[in-house]
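User: I'm new to this one and would like to learn how to read it. Could you walk me through a few features?

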Amino acid sequence: MATTTTTRAGKNRSKSLAAKLSDETLHAWMRDLLLIREFELRTMAAYQQAKIGGFCHVYNGQEACALGTIRSVNDDDPVITAYRDHGHALARGMDPKFCMAEMFGKTTGCAKGKGGSMHMFDKPNHLYGGHGIVSAQTPVGTGLAFATRYEWEVLKKGVEGGKASKKVCLCYLGDGALNQGALHEAMNLAGLFDIPVIYIVENNGYSMGTEIGRGTTMAHDLGRKAAAYGIEYLEFDGMDVMDVYDNMKPFVDVLREEQRAGFVNLKTYRYQGHSMSDPQKYRGKDEVLTYQERDPVVSLSEYLLHERESLTDEDYKAMQKEVKAQVKEAVKFAEQSPEPDPAEELYSDVYVNREKNLSTMGEYVQGAANVLTGEGRKK
Amino acid sequence: MTTTLPNPTDTLPSRTGERVIQFREALREAMSHEMREDERIFLIGEEVAQYNGAYKISEGMLAEFGEKRIIDSPISENGFAGMAIGAAMYGLRPIVEFMSWSFSLVAADQILNNAPKMLYMSGGQWGCPIVFRGNDGAGGQLGSTHSWCVEALFSNVPGLKMAIPSNPYDAKGLLATAIRDPDPVFFLESERMLGDKAHVPEEQYAIPFGLAHRVREGDACTLISFGRPVHFCMEAAEELAQEGIDVDLLDMRTIRPLDIDSVIESIQKTGRIVIVDQSWPFAGIASEVIAQVCERCFDWLDHPPVRVNTEDVPTPYSKVLEQAYLPNADKIVKAVRAAVGEG
């Protein structure tokens, strides 16, 4: 291990919590960042080949946000996000095969091809979606956190048995969601009832084509909004995963212990357009390049290769190769997976308790087993 | 834990007896009984706790269950409906009280986009076991914004269930089922009926969804309704009986599922049908019933189906205009007479 704690970018890592983590952990983070980046590159290619339909929003540039925050919580803390959700799904541990297959609309997708790019759900990994309506996930995330508190406070045991413990819910939103009423109602409830939800604004500066200042009051001081609801506030740069972890981890720990709400203004940048169909006339190429100089993938790799010297060039190249192969395999899996059979899947997963006469079109049916949970009709 | 769903073959306690209570008390009994059995259930809404309920439905529940389970929400329907949806996904069993279904419109995104579609969108991973309940319909001179009948609007959405009781006995039994059901249930009450009194058994019972209740037997004309207009139908049936017209009156009790089988069975006896629906006529529940009747038993009809809806205008304030706007016994009598060819 290297003795110096300053990266080439001049970053002092002497007090970094992340720097104190094991090589194994940080190398796993490196792999995760590469995976999300490679996954999105393949997603864009597949979209351009019309293998993916609908609206599709990629995560390039923002990778450190999902990874650094999700690595700051426990595996069983609930997580919920908006529609730019592939990165969160992968960071939470979803197999890229099932994420890609979902976008291809296949039965092997995490939502059996019924949700698509904007609706990544992963029950075993406690990811409660992928939500398409801007800010609709913020009251729901508040409710997830409310339920975790209810679990230890009222039930005094886990909702499905076992021990109850203090949890936090990570509830992600884009800066565009700052202007939706749903968020403000949610924040008021969270502040009022001391609900352990942490709203994480992935502030990439644009809601679609509208620069934040054109749509949000006090955009330069979002802390004022959190303060209005009595919610703890934190803002920091989201381009470096170690920075994200360093800021996020202590914040999470305090809010978990004290069971209160938090609001994080995570400053980040998306390299691509809002969605795949965005001509990006609202910003210059120079602006994109400025952020790319602080690329999250490069940032961590430089630290591991040149400062910490825990990762060799050969190991890093092998890691990149392995990730490329994994994502290639995910695309192949998605391509080769079967299309859903309308006769079996159109009318499934509508009701849990499928009574007679719920529809004039006929009876609802039980769907095929979900690839993540194994729950559903057995073959 | 009483999470057992009722079967259509279950024997239910008698509808007749001496234990007369109000509609609102029947609702309270259903909630309280289920809450005693299952700690996952909580009630949230405006004024449900300290105020004892805007309409006194939850009176005394705060004292019994405490503030962690009977929760006063600020006036933010979209916020607390969405919050309850998250809690339901996590595994709790929320009951959300809307002071009026009219106010649920500001929560439309949550209750229509999230609750009923979560199971489908997540590929079967997460359902949403939740009850939304509150006052539906006009009748108190509240004007157009506070007099919504949401049944036609909301029952259009697949993934939800809808119950509309007309009397205290059914209110208790249907609400118990709604709370136990693993799917989102929209439970429509009426401010105008909360004080109605009838025998309600003390024991907890659950009425299966999708089973109409035959209020009155007859062979001249099938007359169906749900919720408050069932009472107008009963009034009309009395009057018609004096003219020698005996209607077969069915109270549908749930709209989704809809007991179309009982409707068809009745038509096979009467050859005629009148539907009384307190929502607007265009794309309403009555139009849906008529469509299904025509699809499934057209040949049994001796007369085109007749519907009685509220008039096709916003709800007026004036008492006179409001009376003219709503379905009533007189309109129903005329409709039945027309259907049996005596109009």
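User: Let's start with a pair of helices. In which crossing, right-handed or left-handed, does α9(B) pass α10(B)?

Analyst: Bear in mind that this is a predicted model. Here α9(B) goes past α10(B) in a right-handed crossing. The residues that make the contact are B:I260, B:V263, B:I264, B:I267 and B:Q268 on α9(B), with B:V289, B:Q292, B:V293, B:R296 and B:C297 on α10(B). Sorted by class, that contact has 7 nonpolar, 2 polar and 1 charged residues.

User: At what angle do helix α9 and helix α10 of chain B pack, and how far apart are their axes?

Analyst: The general idea is that two packed helices are described by the angle between their axes and the distance between those axes. In this case, α9 (residues 260-270) and α10 (residues 285-297) of chain B pack at about 60 degrees, and their axes are 11 Å apart. Angles from 65 to 115 degrees would count as roughly perpendicular, so α9(B) and α10(B) are oblique to each other.

User: What ipTM does the predictor give the complex?

Analyst: The complex gets an ipTM of 0.96 and a pTM of 0.96 from the predictor. For chain B, the mean pLDDT is 96, with 99% of its residues at 70 or more.

Note on methods. Residues numbered from 1 in each chain as written. Chains lettered and ligands numbered in written order. Predicted model: local features only at pLDDT ≥ 70, side-chain atom pairs only at ≥ 80, totals over all residues. pLDDT = per-residue confidence, 0-100. Axes fitted to C-alpha atoms, helices over the stretch in contact; angles between N-to-C directions. Helix = DSSP H or I, 4+ residues; strand = E, 2+ residues; numbered from the N terminus. Parallel < 35°, antiparallel > 145°, perpendicular 65-115°, else oblique. Left-handed = near helix turned anticlockwise from the far one by under 90°. Contact = placed C-beta atoms within 7 Å. Nonpolar A, V, L, I, M, F, W, Y, C, P; charged D, E, K, R; others polar.
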